[in-house]
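Me: I'd like to go through this structure with you, starting with the ligand and then moving on to whatever else turns up. Can you keep it plain?
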Amino acid sequence: MQFGVGRSTLDVRRFVSLTFRSSQLFRAALKRIPGGVNSPVRAFGHVGADPFFIERAKGAKIWDVDGNEYIDYVGSWGPTILGHAPKIIVDAVREAAERGLTFGIPNPLEVEMAELICKWMPSIEKVRMVNSGTEATMSCIRLARGFTGRNKIIKFDGCYHGHVDALLVKSGSGALTHGRPDSAGVPEAFVDLTISLPFNNSDLVRQAFHENRDQIAAIILEPIPANAGLYLPRKDFLSILCEECKKHAALLIFDEVITGFRLARGGAQEIYGIKPDLSALGKVIGGGLPVGAFGGRAEIMDQLSPDGPVYQAGTLSGNPLAMAAGLTQLRELERIDGWKALEELGRRFETLVRDAMGTAKMNLTFHRIGSMFCLFFASGPIVDLATAQQSDLKMFAKFFHACLKRGVYFAPSQFETGFISTAHTLEDIERTAEVMREALREL
Ligand code: KE4
């Protein structure tokens, strides 16, 4: 257990009681789980502390095993767009479970999900379900290589597409948070086939196509990067990528695992009016259960087994519980026009945060789009990984803890994005902005 410097005895006793069960669990976890966690970013390594363990979650709130309550802005890293455990989703999963937990046989819900995704994202003419965002992006890469007969991929520094060997090159999220943008275990040959460029630099994209003529299968990107903090594409950057791909017969792949169905009914591609050749999806479409999906033009998707030569498979793909949860979440989001509600909440939150920032002594940059936001401890403009990495990580860690002890849980890394859900109330975000003001004053 690591205590903050200068804690009083009373503080230490309070702190220990506030984290006792979590500490016990973490010690046990460390014996049997690498790093004590099943995904690196959960380890709190970036904020120099031991993680808390969760007991339960409901709406915008989470409670740890020591009974501490937090307003949650991580939202399980994106899936809980309606908040935690909405009754409508829990009931749908319970009802589906009564009919069977898994079949490995085509089920009607898979057809409903496929039809909904294709209707909401017109660039997707056919779609296949998988069980994670990583599977979705990995399958997009294999499919792009199979369709074009080419091997090289362009990605962007700081964009994270899951732990796909070919894409763990200068990637973001946990890979970046732990200071090892490239991963051990990725063969040199994979690195040779992956070209990683600074985001928002269209000249370098043109140059890469020129230097690798007829060798580039695809460009893959997060249209709105959210794994090195959150920053936005410069005007025309996305349309230039689209033009360059068309010019060189390469495929444009949007990784919308985070932005898909969160930023708009049709995701970032609807907002920017771009039709990628393939899209990767996840998080929101699973309603909290393990799901990913990838889809795009039918002539590309038809290259997939069993009809085509590109193999891809999954035991639990299209799992009935995950389909029930995802369909329920998406339909409820549409019924309440959740995107409108999230934009209104996000706009109010941004006003309050900018007001709280006004009293701070340090350099800060706040980015928001819809229900996604990030507070950088750096002066702007922040337009790519290099500028995001100018953030003061020590200051961020102090801010994180100052908010946590006041009952607000932000992502435990500067290189992640915060999420507002439709379960967050005006009172929640007003309280959060006040906590941020106090935390900034304390730094
Ligand atoms: P999963 O394999 O974790 O379901 O999805 C991988 C992925 C793909 N694409 C994007 C844009 C993503 O953000 C992700 C995963 N996001 C991280 C958080 N930024 C998941 C959290 C974690 O790794 O524990």
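Me: How far is a nitrogen atom of the ligand from an N or O atom in the side chain of Glu416?
Reply: That distance is 2.8 Å, between a nitrogen atom of the ligand and an N or O atom in the Glu416 side chain, and a polar contact here is a pair of N or O atoms within 3.5 Å; within protein, one must be able to donate a hydrogen and the other to accept it, and residues adjacent in sequence count only if both atoms are side-chain atoms. Taken alone the ligand exposes 530 Å², of which the protein buries 87%, with accessible areas from the Shrake-Rupley method and a 1.4 Å probe; for residues, only the protein chains shown count as cover.

Me: Before we go on, what sort of model is this?
Reply: It is a predicted model, in which local features need pLDDT of at least 70 and side-chain atom pairs count only at pLDDT 80 or more, while totals for chains, interfaces and linings use all residues. Residues are numbered from 1 along each chain as its sequence is written, and side-chain values use heavy atoms, with hydrogens and water left out.

Me: Ok, which backbone atoms come up around the ligand?
Reply: A polar backbone atom of Gly133 is 3.0 Å from an oxygen atom of the ligand, and a backbone N or O atom of Tyr160 lies 3.5 Å from a ligand nitrogen atom.

Me: And which residues come nearest to the ligand?
Reply: Ser39, Thr134, Asn227, Asp255 and Glu416 do, out of 17 residues around the ligand, where being near means having a heavy atom within 4 Å. The shell divides into 5 nonpolar, 8 polar and 4 charged residues; Ala, Val, Leu, Ile, Met, Phe, Trp, Tyr, Cys and Pro count as nonpolar, Asp, Glu, Lys and Arg as charged, and the others, Gly among them, as polar.

Me: Why does the ligand lie between domain 1 and domain 2?
Reply: Domain 1 (12-72 + 337-442) and domain 2 (87-335) both give residues to the shell around the ligand, so the ligand lies between them.

Me: New topic: how many cavities of 30 Å³ or more are there?
Reply: There are 2, and a cavity is a set of points, on a 1 Å grid over the protein atoms alone, where a 1.4 Å probe fits but cannot get out, with lining residues having an atom within 4 Å of a point.

Me: What lines the largest cavity?
Reply: Of its 15 lining residues, Phe373, Cys374, Leu375, Phe396 and Phe410 are closest to the centre, and the lining divides into 10 nonpolar, 4 polar and 1 charged.

Me: And the second largest cavity, how is its lining divided by class?
Reply: That lining has 3 nonpolar, 7 polar and 2 charged residues, including Asp72 and Arg262, and the space in this cavity is about 50 Å³.

Methods:
Domain bounds come from an automatic or database domain assignment. On a 1 Å grid over the protein atoms alone, a cavity is a set of points where a 1.4 Å probe fits but cannot get out, and a pocket is an open set with protein on both sides within 12 Å along at least five of seven lines; lining residues have an atom within 4 Å of a point. Grid points are joined across faces, edges and corners, and a volume is the space filled by probe spheres set on the points.
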